Amino acid sequence: MPEVNGPQRLGGWTRLVTARPRLALLAALVITMLAVFAGSGVADRMGSGGWEAPDAESTYTTKALEREFPASQPNLLLLVDSGGASVDDPAVAAEAARLTERLAGEKGITGVGSYWQSKSPALRAEDGREALIAARIEGDDKEMGEVLDRMAPAYRGVHGPVEVSVGGPVAVRHEMQTIIQEDLLRAEMIALPVTLVLLVMVFGSAIAALLPLGVGIVAILGTNAVLRGITELTDVSVFAQNLTTALGLGLAIDYALFIVRRFREELSAGADTREAVGATLRTAGRTVLFSALTVAVSLAAMLVFPQYFLRSFAYAGIAVVLLAAAAALVLLPAALVLLGPRVNSLDLRRLLRRGEGRSAERSGGVVRGRPGGHGEPSESAAPAEAGSGRGWGRFAALVMRRAPVFAAATAVGLVLLGLPFLGVKFGTADDRQLPASAESHVVQQHIRDGFPGSPGGGLEVLAEGAATPAQYAEYRDRIAGLPGVLRVDGPVTAGRFAYFSVLPDGESVGEGTQRLVQDLRAEPAPFDTSVTGTAAVLVDSKHAIADRLPWAVGIIVVVTLFLVFLLTGSVLIPLQAVVLNALSLTAMFGAVVWVFQDGHLSGLLSFTSTGDIETTLPVLMFCVAFGLSMDYGVFLLSRIKEEYDRTGDHERSVTFGLRHTGGLITAAAVILAVVMVAIGTSRVTNTKMLGLGIALAVLMDAMVVRSLLVPSVMKLMGRVTWWAPAPLRAFHRRFGLSEGESVPVTAEDMSKDAPERERVTSGA
């Protein structure tokens, strides 16, 4: 059925965005310049934490200890190396005492203590050559970073008989933030020129290649301004900037590729400039809108989680997706109206085919096609289509002739690639995210290797309420008898508060220590108790994610089903899209565990394996990769649906869709993978994991799922693919977006489907 009022509505949109193209571009330039100003310095206002749940018991306990017992929660450590002498040597002790006294006088620093004051064995290395000075820097991430920048240079280096290195959680976070900013700049310097070269290879024309980059730059700069505003209201993770760059370039290029490519097809089919823009917005523009909505929904699902690390990616992702779509649907059509056929200008590929002078001179040739704007474009008008389109058509025919084999083999292969994820172990991010040469990493590694106990892995039990010394002693004896406890120190008291330090007998975040957290929380006491520490934060984070994950997945699935139904009018295609998308992510999750948890390729990729995966990373990677997979899925389904509405021929429509989008999707995936790999060159392990993992997911989706699994599954399902019950068909006719004449599936069609699926349409 023809869509009710669809073309009129889209025609009005075409007139709106193309009426004054110069004014639209001028306004965009002014807004972009304002965004540069508004977004400047955004990285300095971001935090480098956010993995803990703010409403968790461990978070409450940590804040209470920081308030009542500042010395119990040191975040600054000075590693004092005495060289060949003992740390108890008089000269070493005198210099260490001087450094301790000087540190205690620094503004913004409290709770200063050292081995030479307390003689605590935990602050002295087992070989007697190193010891620690501990302190706490007060304030938020920005304030702590400023204090560290001010005081660290005065302490770092040689002081008489000792050499001092600066470490501790605040130094780790500050160094991580600095490295991320440096790596992001380098990634942009890598991605932009490589992307431009690839775009020139895809389009041929330098003018056409520059348009997607322009859309991406507008989206990135606009998102930085949005994030700058959000930092005034809530915490935002510095890691979110990586997603801004990746999606800003990647999605903007995807959307612009789709729109520019369709515009050039329409020009090549004989349309004038404004007709071509109108047809492009009715087809590719609609697809871009639906794609942006599906990606934004996948990213918005992270808002249900309490950790601001995940929420930050939702803020950045939603902003950059919507801005990229807005630029592609408003600014790009205005630019195309002004350019017209000149979009094919500056064909740089002539340098590579000088022997083909006559074909190179055809910068805007027209090949008339069949009615409806589906003619075969000339090479110069749509170079990615010429030649390769016929190849994709033959490939689709091959896949559908052997549909059961391709469907089964691909599905089994993807499941096998995901099997390593069954052995995933979750942990927390620490200094080992940093390069091995980073000073704060070196300090923490010295502490892990050379100091007694489980440094950084202790648990603190906060006691609140009136209690007698006997009650404290009796409680201490009971928790000391719990399985997995090596030693209990304390209590340290202050009014109605007291705390005990519990040293576990095992890894700081191992399964045994996590069980100990639960045992400590379950242990009865004559006062209120709460537990914190690295393992407690991990337990609470896992609980928070497990509690909210069904909601996040539910939101993604339900909204995706609805949007794909609006696009296609089918009940089965949305279900197929969700299942195949999930399959496309298996290789990513399997590789993450095999490489980053198990440590394979750690030397080649230059990272330190911790033996686990940070708890929030799989959630983040799922939301981002699922959204990007739907992006390509919408591109393919829109062309299949367009042809099916026109002809009613199911197999021909699948072939047509893959023929007209296979090269485009592959090019877009390669370009996005280049951007993600550039992000993956980061020296911070989590960023490396995010970039390389999503690059793999994008390539698997485009080159395996869209090329093999989608056509083979649609062939096996036949025309039943397009089935929907009568009430939903009526709903789609009224509210859905489709073009041309749809061909409803009747009971008679379904009964005829079996013999039809035994042949391949000769036009394929």
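Tutor: Let us begin with Trp392, which counts as buried at 18% relative accessibility, where buried means under 20% relative accessible area, exposed over 50% and partly exposed in between, with a 1.4 Å probe and protein chains only. Phe395, by contrast, is partly exposed, its relative accessible area being 29%. Before going further, please keep in mind that this is a predicted model, in which local features need pLDDT of at least 70 and side-chain atom pairs count only at pLDDT 80 or more, while totals for chains, interfaces and linings use all residues. Residues are numbered from 1 along each chain as its sequence is written, and side-chain values use heavy atoms, with hydrogens and water left out.

The structure holds 19 aromatic pairs, a pair being two rings of Phe, Tyr or Trp (its six-membered ring) whose centres lie within 6.5 Å, with planes under 30 degrees apart called stacked, over 60 edge-to-face and the rest tilted. One of these joins Trp392 to Phe395 in an edge-to-face arrangement, at 5.9 Å centre to centre and with 85° between the planes. The two residues are three apart in helix α13 (residues 388-401), and so about one helical turn separates them; helices (H or I, at least four residues) and strands (E, at least two) are DSSP runs numbered from the N terminus.

If neighbours within four places in sequence are left aside, the contacts of Tyr472 (heavy atoms within 4.5 Å) are Ala463, Gly465, Ala467, Pro491, Thr493, Ala498, Phe500 and Phe527.

Now turn to the strands. An open sheet of four strands runs in the order β8-β9-β7-β10, with antiparallel pairing, where two strands pair if DSSP finds at least two bridges between them. Strands β8 and β10 are at the edges and have a single partner strand each, so that one side of each is left without a neighbour in the sheet. From one strand to the next, the twist averages 20°.

Strand β9 (residues 497-504) has seven of its eight residues buried, and is therefore largely enclosed by the rest of the structure. Strand β8 (residues 485-494) pairs with β9 in the antiparallel sense over seven bridges, and Val492 stands opposite Tyr499 in β9. The hairpin of β8 and β9 has two residues between the strands, and there Gly495 takes a positive phi near 65°. Strand β7 (residues 459-464) and β9 are joined by six bridges and run antiparallel; Val461 has Phe500 as its bridge partner in β9, and Phe500 is also among the contacts of Tyr472.

Six bridges likewise join β7 to β10 in an antiparallel arrangement, with Glu460 standing opposite Thr532 in β10. Helix α3 (residues 57-68) packs on the sheet and touches β7, β9 and β10, its direction making about 95° with that of β10; such angles run from 0 to 180 degrees between N-to-C directions, with axes being lines fitted to C-alpha atoms, for helices over the stretch in contact. Helix α18 (residues 534-568) lies across β7 and β10, and runs at about 95° to β10.

To place the region in its setting, the protein chain contains 26 helices and eleven strands, and 56% of its 764 residues count as buried. Of the contacts in the protein chain with a separation of 6 or more, 80% are made by residues 24 or more positions apart.
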